[in-house]
Amino acid sequence: MSVKSTPLPADALLQRYAQRDDCYTDCYEVDTTAADLAACISAFYTTPLFRAERLILGFAGHASTDADVAALATGQADTYAAWRVEDRTADQILLCDVAGRTRSWLHHTPGKFYFGSAVTPPTPGAPLGGLFTALLPFHKVYSRGLLASAARRLT
């Protein structure tokens, strides 16, 4: 169960940010036997690692439950914790945080599960900032950990 950094697929909903010079984007993939995007969303947002993030988000006023995850996964909800659905297809979902600065993208294809992120500047063309630069190494490790944990739940 190896998580690999990979280029974004050409049809990725996250491409709109990858094509901008002022944004940071990444993409990770893992092999999976998951049946569909809903299974991937459920596995991703209910891992022990993400449950810790959910706890922190709850203290910040963005509480969520497994029922909220299920509603997001099945398309019955357009918001989840600190995110809203920016775009969705049958096999992809793009979420935007409440501040409008970060995006989370999940994509399922037969045999593959992708997770990617985008960080946008506070205003178009502005730098992303020192805090983002300082947290980038942690973000990369955390992203791999989240995807690996979700993949374990899917097997």
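**Entry 1: a pair of helices**

Is D66 buried, partly exposed or exposed? I looked this up before anything else, keeping in mind that I'm working with a predicted model. D66 turns out to be partly exposed, with a relative accessible area of 36%.

Next I checked what D66 does with its side chain. It meets the side chain of R54 in a salt bridge, at 2.9 Å from N to O. R54 sits in helix α3 (residues 48–59) and D66 in helix α4 (residues 66–73), so this pair ties together parts that are twelve residues apart in sequence. R54 itself is buried, at 8% relative accessible area.

**Entry 2: R16 and its two partners**

How many salt bridges are there? I get a count of nine.

I picked out R16 from among them. Its side chain meets that of D87 in a salt bridge, 2.6 Å from N to O. This one links distant parts of the chain, since R16 is in helix α1 and D87 is in strand β4, 71 residues apart.

R16 also forms a salt bridge with E86, where the closest N and O atoms are 3.5 Å apart. E86 belongs to strand β4 (residues 83–88) and R16 to helix α1 (residues 15–18), so here the tie is between parts 70 residues apart in sequence.

Then I looked at how open these residues are. R16 is partly exposed at 35% relative accessible area. D87 is partly exposed too, at 25%.

**Entry 3: E29**

Where is E29? I found it in strand β2 (residues 24–31).

**Entry 4: helix α2**

Which residues of helix α2 are buried? In this helix (residues 37–45) I listed L37, C40, I41, A43, F44 and Y45 as buried.

An α-helix has 3.6 residues a turn, so residues three or four places apart point the same way.

I also looked at how α2 begins. At its start, a side-chain oxygen of D36 reaches to within 3.4 Å of the backbone nitrogen of A38.

**Entry 5: cysteines**

How many disulfides are there? Zero, by the count I got. C27 is in no disulfide, and the nearest cysteine sulfur to it, that of C40, is 13 Å away. C27 is buried, with a relative accessible area of 2%.

C96 counts as buried, at 1% relative accessibility.

A reminder for this page: a disulfide is a covalent bond between the sulfur atoms of two cysteines.

**Entry 6: the largest pocket**

What is the volume of the largest pocket? It comes to about 770 Å³. I then went through its lining, which is made of 27 residues. Nearest its centre lie E53, T102, V119, L135 and H139.

Which element gives the most to this lining? That is α5, with eight residues. Going by elements, α2, α3, β6 (102–109), β7 (112–119) and α5 (130–154) each supply at least two residues.

I sorted the lining of the largest pocket by class as well. It has 18 nonpolar, five polar and four charged residues.

**Entry 7: a loop**

Last stop, P110. It lies in the loop between β6 and β7. Is P110 buried or exposed? It is exposed, with a relative accessible area of 79%.

I also checked P110 against T33. The two are 77 residues apart in sequence, while their C-alpha atoms are 7.6 Å apart in space.

Key. Residues numbered from 1 in each chain as written. Predicted model: local features only at pLDDT ≥ 70, side-chain atom pairs only at ≥ 80, totals over all residues. Heavy atoms only, no water. Salt bridge = Lys/Arg side-chain N within 4 Å of Asp/Glu carboxyl O. Helix = DSSP H or I, 4+ residues; strand = E, 2+ residues; numbered from the N terminus. Buried < 20%, exposed > 50% of the residue type's maximum accessible area, 1.4 Å probe, protein only. Polar contact = N/O pair within 3.5 Å; in protein donor to acceptor, adjacent residues only side chain to side chain. Disulfide = S-S within 2.5 Å. 1 Å grid on protein atoms, 1.4 Å probe; cavity = no way out; pocket = protein on both sides within 12 Å on 5 of 7 lines; lining within 4 Å. Points joined across faces, edges and corners; volume = space filled by probe spheres on them. Nonpolar A, V, L, I, M, F, W, Y, C, P; charged D, E, K, R; others polar.
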